[in-house]
Every structure is written in structure tokens, then in C-alpha cells.
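Here are a few exercises to work through with the model open beside you. Try each one before reading its solution.

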Amino acid sequence: MTSAVATAVPEFRRWARGLSTFFYRRSTFYLLLLLLPPLLWLGTVYLGSLFALLLQSFYAIDEFTATVVPKLTLETYRQLITHPANVDIILRTLAMAIAVTLACAVIAFPVANYMARYASPRMKAFFYVGVMLPMWTSYLVKVYAWRLILAKQGILNWGLTVVGLDGALETALTTPVIGGPSLASSYLGMFIVFVYMWLPFMILPLAAALERVPQSLIQASADLGARPRQTFWGVVLPLALPGLAAGSVFTFSLTLGDYIIPSVVGAPGYFIGMMVYQQQGTAGNIPLAAAFSVVPIVLIAIYLMLAKRMGAFDAL
Amino acid sequence: MPSAIEFQHVSRQFGTLRAVDDVNLSVEAGEFFALLGPSGSGKTTCLRLIAGFEQPNSGKVLLNGADVTGVPPYDRNVNTVFQDYALFPHMNVAENVAYGLRVRGAPIEEQRQRAAEMLALVQLESFGDRAPTQLSGGQKQRVALARALINRPAVLLLDEPLGALDLKLREAMQIELKNLQRKLKITFVYVTHDQGEALSMADRVAVFDRGRIEQLDTPRGLYMRPRTAFVARFVGGANVIEHELARRLTGFARTFAIRPEMMSFYSTTSTVTDGVISCAATVIDVQYHGATSRWQVRTEDGSVLAVVRPEPGVRGDSYAVGNKVRIVWPRDQMVMLEQS
């Protein structure tokens with residue numbers, strides 16, 4: 001009995017060792033084995049659905065029977081870009097996405113720069129946790145909380161009145177387009193919530209990019225006579241561009257696709273995400289919903305092309 | 001004429017660590033000055049104090065007679081060649097070299113022309129369009145040099161510039177740097193931990209240990225007349241004979257240094273003449289270096305000494321590990337050291 005156990009263990013180890021050797025010698029095979037599950041997932045499930053989505057957008061709905069006709073046509077796209085209401089929705093969403101991305105970049109840069117360059121290890125850990133902490137809370141809870149914060153009787157209004165800035169808020173709210181009866185029902189309020197929600201997605205890649213800029217480059221710039229402002233524009237910003245590009249793809253695409261924030265906070269105008277939700281749900285127009293979903297993809301592709309042409313990825 | 005660089009009681013602390021501890025020094029204009037020391041000795045901090053990347057906790061830094069304590073790097077007429085070269089990866093070679101002129105708002109034509117001149121100076125005329133990643137270590141080194149020289153600095157600071165190069169290239173660059181310094185007549189301050197480099201290139205060397213200058217002298221002075229045991233060991237690789245053994249050998253309880261190449265072997269039987277010191281020892285290691293060999297020997301009281309001689313010995317004899325030997329050296333070659 002005992003001898004059987006004693007021989008079984010080396011037997012197993014020899015077998016395991018043989019297997020290790022087998023994989024070591026055939027590293028390509030081993031790699032393939034490791035990559036097969038993710039490749040299947042990415043290739044079939046993910047790209048497959050994307051392709052199905054694309055295909056759906058080239059179908060159209062029959063006006064009378066309200067059923068999808070599975071024949072390739074550009075009818076849905078024609079509908080998308082010729083209906084002024086649809087174009088409005090696209091432009092409104094795009095404008096919001098650009099504004100949110102710019103604001104996130106401007107707010108995130110000092111934070112990321114501090115985290116990457118000046119913070120002590122303890123402070124850095126504190127900042128990383130602090131930046132990610134809001135993401136541990138339910139998204140819906142945060143959006144509804146913001147609606148209360150931004151309401152006319154909300155804490156923000158009250159706080160601004162206390163410090164005597166209610167006049168400034170009044171001016172902002174009476175500004176056409178971004179204004180409204182209260183922050184909670186204006187594009188300005190929606191913008192604030194969007195910026196709050198997506199800021200971590202800008203800070204983290206930006207901090208990672210800034211951390212990769214060697215201190216000696218910044219010193220070399222100062223050494224050669226560049227003032228801090230010149231060093232920022234000439235050295236730090238160009239080298240942080242990949243991080244800025246990555247972060248802005250997040251903020252840009254998240255804003256383009258979101259449908260909850262625009263339906264809970266802000267003015268009544270529709271956004272792309274809400275349209276997708278409505279068209280595939282209540283309206284039952286899957287092809288139009290698909291076509292609307294393709295819009296952000298196209299916009300981001302254009303954005304990446306522009307970023308590449310501007311040299312955002314040269315320093316990678 | 002004021003000194004190019006002057007330190008007056010300069011100290012720089014990091015937490016409780018005194019990286020630079022009450023250092024006084026002055027570097028003359030046009031001098032090739034080396035800061036030599038092991039890592040953590042404060043030599044690089046001194047360089048950074050001159051460049052302006054660090055500010056002293058106390059004391060004054062003067063450049064060309066003017067107090068620059070608190071002046072940021074971009075307002076100092078001093079440029080640096082960094083240890084990792086620090087070439088801007090998003091600019092090509094010509095743009096890197098022209099950067100110093102660009103940030104000062106020089107006309108494009110002047111930038112272009114001066115960058116070409118500087119690249120010619122370091123023999124990289126045709127490399128202007130390359131990206132830094134397309135260069136070898138030695139080429140990056142030259143670009144960093146050209147970039148630092150374009151502003152015509154009064155002082156050029158070099159932070160272990162040859163550390164990352166292989167031996168052959170390093171030797172070639174040493175000669176080239178020295179020639180460049182002679183030609184441009186700029187003050188060079190050169191940080192290195194390699195004593196050979198410091199001795200062969202510098203006019204004067206400051207030897208650093210634990211944030212203080214142990215000795216400031218010409219290379220010859222350092223080698224021939226080390227002041228302390230640290231300098232004798234670090235610069236000359238000399239044997240330091242502590243007072244106990246010294247008392248037994250010389251009659252004085254005073255620590256002294258004797259360089260390995262001043263020592264020779266005597267057979268154990270021959271008689272020792274006047275004016276030499278002799279000591280019985282056992283060979284414990286032999287390293288063959290081609291032109292010379294280096295023997296490690298252990299004396300009877302346990303001290304380990306080094307002897308460097310051409311091989312084979314004058315009489316064709318050679319000493320192997322385990323051999324009993326008698327080592328001798330002339331009395332007048334011993335250098336008395338200060339107690340530190």
C-alpha cells in the first residue's frame with residue numbers, strides 16, 4: 001500500500017515533467033493553446049456580433065408590416081442622414097462628446113501629472129484608489145445622486161448661494177443652448193455629470209503615459225534653456241499624447257454611447273444612445289438602431305485617424 | 001578673473017542623508033575638472049547643484065563670480081550631457097541639437113545652420129534626419145554632446161557620459177572629449193566613478209567620499225601623494241599598510257601606502273639591502289593581465305597586499321599560489337597617510 005503511493009508520486013512528476021518538456025519544445029503550439037479561448041471569444045463572439053450589427057444596419061424596415069426585410073440596402077442610412085431630427089441627435093451627441101473629452105483632458109492633466117511625477121509612493125497609491133473609488137459604486141446610483149445634487153433645491157445650488165456665486169449660476173443657466181430651468185435639467189448639468197463619470201478613464205491612461213516620460217528629458221529641456229511653459233508644450237505634452245489619445249477614446253466613446261445620463265439628467269433633447277435604446281426597444285426598428293450604433297464607431301475611427309496624423313502615436 | 005564655478009560651504013541633504021556635506025571648491029575657467037568617487041559619494045549631486053536641478057540646503061553656488069543659488073537651470077549658462085543621453089524621442093537628431101536655440105527663439109535659419117555645425121563638430125553631419133532610436137550608443141552620446149554645446153555654455157557638465165559604452169569606444173571617446181575641450185576652451189566638469197578615466201582626462205580631480213571632498217589635486221598628485229587611505233585605495237589601488245604592521249616593518253606606527261607596481265619579489269634566502277622594506281608572505285592568487293600580472297599575497301599577520309610585476313619576473317622566475325615569497329619595496333616610495 002505504502003509502496004504503491006511512493007511510486008505513484010514520482011510517476012506523476014515524471015509525467016508532468018514530460019509534459020513541460022513537450023510544451024517547451026513546441027512553444028508555438030503552446031502559445032496557440034493558450035490563445036485559443038481568448039481568440040475564440042474575440043473572433044466569434046465579439047467581432048461576430050459587431051459584424052451582425054453592421055449587417056443589420058444595411059437592412060431596412062418595411063413601413064407597413066413593421067418587419068425587418070433581410071435585403072442589403074442603404075435605405076436606413078439615407079433615413080439616418082437625411083432626417084433633420086436624426087442629424088440633430090448625432091450633432092448634439094458629438095458636441096457633448098467633444099466638450100466632455102476636452103474638459104476631462106484639462107482637468108485630468110494636472111492630477112495625472114502630480115500622480116506620475118510628484119506624489120510620494122503613499123500619496124500615489126492614495127490617488128490611484130481615490131480615482132478608481134467612484135467606479136466601485138453603482139453607476140445608476142451615481143447618476144441619480146447627481147440629479148439630486150444638481151436640482152434646484154439641491155446642495156450645489158445651496159452651496160453656491162452660501163458663497164455668493166448664485167449670480168454666476170443664474171448667468172450660466174440663462175445662457176442659450178447650455179442653460180435651462182435648473183442644472184439638473186440643462187445640458188450644462190449633463191456635461192458636469194458626464195465629466196464626473198468619465199474622468200477616471202482619462203486620468204489613468206494619462207498618468208501611465210506621463211510616468212513613462214523620463215525625468216531626465218524634462219531636466220534636459222530646462223537645462224537647454226526652456227522655461228516650464230516651453231517644456232510643457234515642447235516635451236511633456238507631445239510625449240503624453242498617446243495617453244491623452246487613449247483617454248480621449250474612452251471619454252469620447254463612452255459619451256457617444258451612453259443613454260442613461262441623458263435620460264436622467266439634462267435637457268429633453270435625444271442622444272445617440274437613447275435613440276439606439278428606443279429604436280430597438282419600443283420602436284422595434286432594429287436596422288435604424290444598428291445604423292445609429294455604427295455612428296460612434298465611424299466617429300471614433302475618424303478621430304483615431306486624425307490623432308495618428310497629428311503624430312499622437314509616434315512616441316509609442 | 002573669477003572662478004568658473006565656486007562652492008562655498010555647500011550642503012545638500014536628502015532626509016537624514018548628507019549627500020553633499022560642507023563642500024568648498026573652485027573650478028577655473030577652461031579647466032577639465034573631474035568629480036571622482038564611488039556611487040553615493042555625492043559627486044552627481046554636486047553636478048546637479050551646478051546645473052540647478054538641485055538647490056543647496058546651505059551654502060552658496062557661484063558661476064563666474066555671480067551667486068546663482070536659487071537660480072533655475074534655464075537661467076544658467078551651463079549645459080549638461082546626461083548619463084542616459086536624454087535625447088527627445090519625438091524629435092529627430094537635428095531637432096534635438098537645435099532645441100536649445102529654438103527655445104531661445106533663434107531664427108530658423110540660424111537654428112538649422114548651427115545644428116549642422118554642431119553635428120559636424122561631432123562627426124555626425126549626415127545623421128540630422130535620423131530618429132534617436134536609430135542611433136548606436138556612441139552616436140547618441142555625440143548627439144547629446146552636440147545638443148549641449150549649441151548654446152555655447154561657459155561650463156559643460158558631463159554625468160558619467162561614457163558609462164554605457166563598451167571599452168574600445170570609451171577609450172576613443174575619452175581622447176575625443178579631451179581634444180574637444182582643448183579646442184573649445186570650455187570648462188568641463190566630468191563626473192565619473194572610473195579613476196582611470198579621471199586620471200587620464202582631467203586637469204584636476206576632486207575625490208569624493210560620503211559627501212565630502214577627500215582630496216583635490218592633479219591626477220599626478222593624487223596618484224603619487226594620496227592624502228588618505230581612501231584616496232590611496234580608490235585612485236591608485238595602492239596597498240595601505242595599517243599602523244600595527246607598519247610599526248613592525250618600519251618602526252613607526254604610522255599608516256602608509258605603497259603602490260603595487262613598486263613592490264617586487266625576493267627569494268626568501270637572499271639578504272635585504274638598506275633602504276628597502278621587506279616582508280614575508282604567501283601567494284594566494286595570481287591574475288594574468290598580459291603585460292603585467294597581479295599577485296595577491298598574505299603577510300604573516302593576515303594583511304592582503306597586491307604586487308604588480310611584468311611576467312615572467314626579471315630572473316625568469318614566477319610565483320604560483322601557495323609559494324612562500326619575500327616582498328620588498330623601496331623606503332622612499334612609501335607615502336605616509338593622514339589618519340582619517
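**Exercise 1.** Which residues in α9(A) meet which residues in α11(A)?

*Solution.* First, the ground rules: this is a predicted model, where local features need pLDDT of at least 70 and side-chain atom pairs count only at pLDDT 80 or more, while totals for chains, interfaces and linings use all residues. Residues are numbered from 1 along each chain as its sequence is written, chains are lettered from A and ligands numbered from 1 in the order in which they are written, and side-chain values use heavy atoms, with hydrogens and water left out.

Step one is to find the helices: α9 of chain A covers residues 187–211 and α11 of chain A covers residues 228–257. Helices (H or I, at least four residues) and strands (E, at least two) are DSSP runs, numbered from the N terminus.

Step two is to list contacts, meaning heavy atoms within 4.5 Å. From α9(A) come F194(A), W198(A), F201(A), M202(A), P205(A), L206(A), A209(A) and L210(A). They meet V236(A), A240(A), G243(A), L244(A), A246(A), G247(A), S248(A), F250(A), T251(A), L254(A) and T255(A) in α11(A).

Step three is to sort the residues of this contact of α9(A) with α11(A): 14 are nonpolar, 5 polar and none charged. Here Ala, Val, Leu, Ile, Met, Phe, Trp, Tyr, Cys and Pro count as nonpolar, Asp, Glu, Lys and Arg as charged, and the others, Gly among them, as polar.

**Exercise 2.** Work out how α9(A) and α11(A) are oriented.

*Solution.* Take the axes as lines fitted to C-alpha atoms, for helices over the stretch in contact, with angles from 0 to 180 degrees between N-to-C directions. For α9(A) and α11(A) the angle is about 150 degrees, with the axes 8 Å apart. That makes α9(A) roughly antiparallel to α11(A), a label for angles over 145 degrees. α9(A) passes α11(A) in a right-handed crossing, meaning that the near helix is turned clockwise from the far one by less than a right angle.

**Exercise 3.** Now find what α6(A) does with α9(A).

*Solution.* Helix α6 of chain A spans residues 139–150, and its axis comes within 11 Å of that of α9(A), crossing at roughly 140 degrees. This crossing of α6(A) and α9(A) is right-handed too. On the α6(A) side are Y139(A), K142(A), V143(A), W146(A) and L150(A); on the α9(A) side, G189(A), I192(A), V193(A), Y196(A), M197(A) and W198(A). By class, the contact of α6(A) with α9(A) has 9 nonpolar, 1 polar and 1 charged residues.

Note on methods
Angles under 35 degrees count as roughly parallel, over 145 as roughly antiparallel, 65 to 115 as roughly perpendicular and the rest as oblique.
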